[in-house]
Amino acid sequence: MSRDQTGRQGPDADRGAPPAADGRLPVDVPTEELRCQILEQLPVLVAYFDQHQRLAMANAASAASVGSTEAAMLGLPPGEVESGRFLASWEALADAVDRVLRTGEGESFSAHVLVGGDERIWQSALSPVRNGADEIQGVSVVALDTTEQFRARKRLAVLNKASTRIGSTLDVGRTAEELAELAVEDFADFVAVDLLSEVLRGDEARSVLHREKIGFHRVAQQSVLEGCPESVVPLGETHAYDRNSEVGRALVLGEPARFTVDEETLLRWAPVDPARTRSVCDNKIHSVLVVPLRARGVTLGMALFCRHRTPGVFDAADLQLATELVSRAAVCVDNARRYTRERATALALQRSLLPRRAARQQAVEVTARYLPNTTGAGIGGDWFDVIPLSGARVALVVGDVVGHGLHASATMGRLRTAVRTLADVDLAPEELLTQLDDLALTLDREGPADSSEGGQVAGATCLYAVYDPATGRCTMARAGHPEPMLACPDGTVRQLALPAGPPLGVGGVTFEGTEFELPEGSRLALYTDGLIETTADRDVDSALDELRELLGRPALSLEEACETVMDALVPEQPTDDVALLLARTRRLDAGHYASWDLPTDPAVVSNARKRAAAQLTAWGLDDAVFTTELVVSELVTNAIRYGGDPIRLRLIRNTALICEVFDGSSTAPHLRRARIFDEGGRGLLLVASLTERWGTRYSSIGKTIWAEQPLPDAEETDLV
């Protein structure tokens, strides 16, 4: 490179030149071609209009933003620069360019444009461009896409209006009308609000889980079109949704749903609801939101949002906004039924503390149900859980807290959290219950002396089971909880005999675990006492006999069996909470795990690495070979150096790739950071760095150190 007359470094100046006299390093002044490339590659929209208000230059981002090219746009005035359909505000750009040319003063400009059916908002800055004689030659336009910020502000504005307009009275119908009116003003073309008939009567809302037809009362509807032609239900009339319809499934699950209407959707809807499908086609509805009207855990009704005039479909942000609006309206509706406030609040807390999705594990197939009681005593503290453990094992938990109401739900949450924490330490079932019993005693001592509010920890029951799919063995212990049922593949059903153990918080008595071998495909039923409680037409023994008969139907799927048991044993208005957890056992076949017994010889480490690498290659996990070889090397070396016979290496391919090394010693490994000159002490630190998680579990004959590496994510399924 060479320097120009100003002393600046040009393209041919020597890059090793010393700094200038003022101490600044020389810089590469971009050539004219490079300047053009910089402008062309800017992600910001840049355009230039000449003195005749004709587009003379636009970078690639400007052309791409309207789906065109610079060549196609050159020479056009601002109002004609289009390949999409522009809104009226874009036409005002010509006036803004004219003002800047006349006055020589810059100004800002906001443009709304529809490209591909999507509305975009650009915030632009217009500036005059002068030559060396200070004469205006044209106008530069620099624009930023502020669509997301605009939409976020719009959503906040809608929520702000909702806080003042929804719930202005304690009238249920008026609250629903306020919700519909606000939604049509801002983001929907048609809105319908339906409430359960018992809610309008002031009664408690019954569960929709066991209804084949879910009946509603149309209390409000609003449309951008006069007369609400989209509606197939007149205002004030009753109607019903089938539980197998899209709306019915959303109501049963209690979760909002979003649908884009296409030919496949119409074909799926037509047999279930032909009238509504015909209305969707006639009014060209292309996007639908179904949001259950829920307050404090109780489904009071549902709100339906549709678009046909607005070209854009509902997105995730719209679903979140609709959910928030409906949530506010639901609280206002529920406030009209003040006598159910504590029950509704307790139900919301209870559902938030229960697992909603099955954990990532393949040891068992699970399904579960929870139903609160419908008495005035309030929601109880029944709970269940499915906890993945090391070594592809799984823990199944069911428990019940004494008392009802908010305090019972809160106590349930504390116990469930404690169980998950203790399970992560890989304690045996009887040891875990012992630790949980100590915790219950501590919590009770710290609690208030007056337990009239319910939810005391003492007296809570729990059943904890650990299943190992590699061996098919299941270890269980219980603290005052009902014994589980086991349905074998041959159709036999029996109640597993477990030492009773005292309820939690009693203290002074030990718990005892019992081990069972479960055939593959067995069904294990864990439940709370609400499922088999005494009623007017049966006692506990009769309920247990009926439960055995229902579980002994092998033709039913796990989901069908759960529904059948709940329908048959739980009354329409249960007087106690009911929790049911069904699990079908699986076994790991030879294609999912491999095991080798190793001698206590340091020379065997290399052989262990080779065996592990060969096994991973056979499984098609070549990418994990290098990391696994390092993990195997460190764990086997530690077992030989610090452990004792027997030593066993095991690889498991499950939801994760698991490497386990067992030895006969009970010494606890410790993770430490070695000093610079230390020869050892880096093994476990290396294992922890290379794997997703690691840990140690102990048995009566030794310990197992395990480490997990992630595999591609398994699909999660709904648990409740």
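Leaving aside its neighbours within four places in sequence, Leu325 is in contact with Val158, Leu159, Ala162, Ile166, Leu179, Leu182 and Phe187; contact here means heavy atoms within 4.5 Å. The model is a predicted one, in which local features need pLDDT of at least 70 and side-chain atom pairs count only at pLDDT 80 or more, while totals for chains, interfaces and linings use all residues. Residues are numbered from 1 along each chain as its sequence is written, and side-chain values use heavy atoms, with hydrogens and water left out.

Leu325 is one of the residues with the most contacts inside the largest nonpolar core, together with Leu179, Phe187, Leu300 and Phe305. This core has 60 residues. A nonpolar core is a set of buried Ala, Val, Leu, Ile, Met, Phe, Trp, Tyr and Cys residues joined through side-chain atoms within 4.5 Å. Buried means under 20% relative accessible area, exposed means over 50%, and partly exposed lies in between (1.4 Å probe, protein chains only). Helix H11 (residues 316–335) gives the most to the core, with nine residues. Another core lies apart from it and has 53 residues, among them Val364, Trp383, Ala418 and Ala583.

The chain as a whole has 720 residues, of which 48% are buried. Its secondary structure comes to 19 helices and 27 strands; helices (H or I, at least four residues) and strands (E, at least two) are DSSP runs, numbered from the N terminus. Of the contacts between residues at least 6 apart in sequence, 63% join residues at least 24 apart. The chain exposes about 33800 Å², and carbon and sulfur atoms supply 51% of this area. Accessible areas come from the Shrake-Rupley method with a 1.4 Å probe, and for residues only the protein chains shown count as cover.

One part to follow in detail is an open sheet of five strands, in the order E14-E15-E16-E17-E20, with antiparallel pairing. Its edge strands are E14 (383–388) and E20 (514–517), each of which pairs on one side only. On average, and with direction ignored, neighbouring strands of the sheet are turned by 20 degrees against each other. Strands of a sheet pair through backbone hydrogen bonds, either parallel or antiparallel. Here two strands pair if DSSP finds at least two bridges between them.

Strand E15 (residues 394–400) has partners on both sides. E14 and E15 run antiparallel and are joined by six bridges; they form a hairpin with five residues between them, and Gly391 in the turn has a positive phi of about 70 degrees. With E16 (residues 461–468), E15 pairs in the antiparallel sense over seven bridges. Val397 of E15 is the bridge partner of Asp385, and in E16 the partner of Val397 is Tyr464. Leu396 stands opposite Ala465 in E16. Both faces of E15 are covered: Val394, Leu396, Val398 and Asp400 are buried on one side, and Ala395, Val397 and Gly399 on the other.

Helix H13 (residues 406–424) lies across E14, E15 and E16 and runs at about 20 degrees to E14. Helix H14 (residues 429–446) packs on the sheet by touching E16 and E17 (473–479), and its direction makes about 25 degrees with that of E17. For these angles, axes are lines fitted to C-alpha atoms, for helices over the stretch in contact, and angles run from 0 to 180 degrees between N-to-C directions.

The last topic is charged side chains. Side chains of opposite charge can pair when their charged atoms come close. The structure holds 31 salt bridges, a salt bridge being a side-chain nitrogen of Lys or Arg within 4 Å of a carboxyl oxygen of Asp or Glu. The side chains of Asp426 and Arg393 meet in a salt bridge (2.6 Å, N to O). Asp426 lies in the loop between H13 and H14 and Arg393 in the loop between E14 and E15, so the pair ties together parts that are 33 residues apart in sequence. Asp426 counts as buried at 11% relative accessibility, and Arg393 is buried at 12%.

Asp186 forms a salt bridge with Lys161, with the closest N and O atoms 3.1 Å apart. Because Asp186 lies in helix H6 (residues 172–186) and Lys161 in helix H5 (residues 147–165), this pair ties together parts that are 25 residues apart in sequence. Asp186 counts as buried at 17% relative accessibility, whereas Lys161 counts as partly exposed at 27%. Both belong to a network of salt bridges that links Lys161, Arg165, Glu185 and Asp186.
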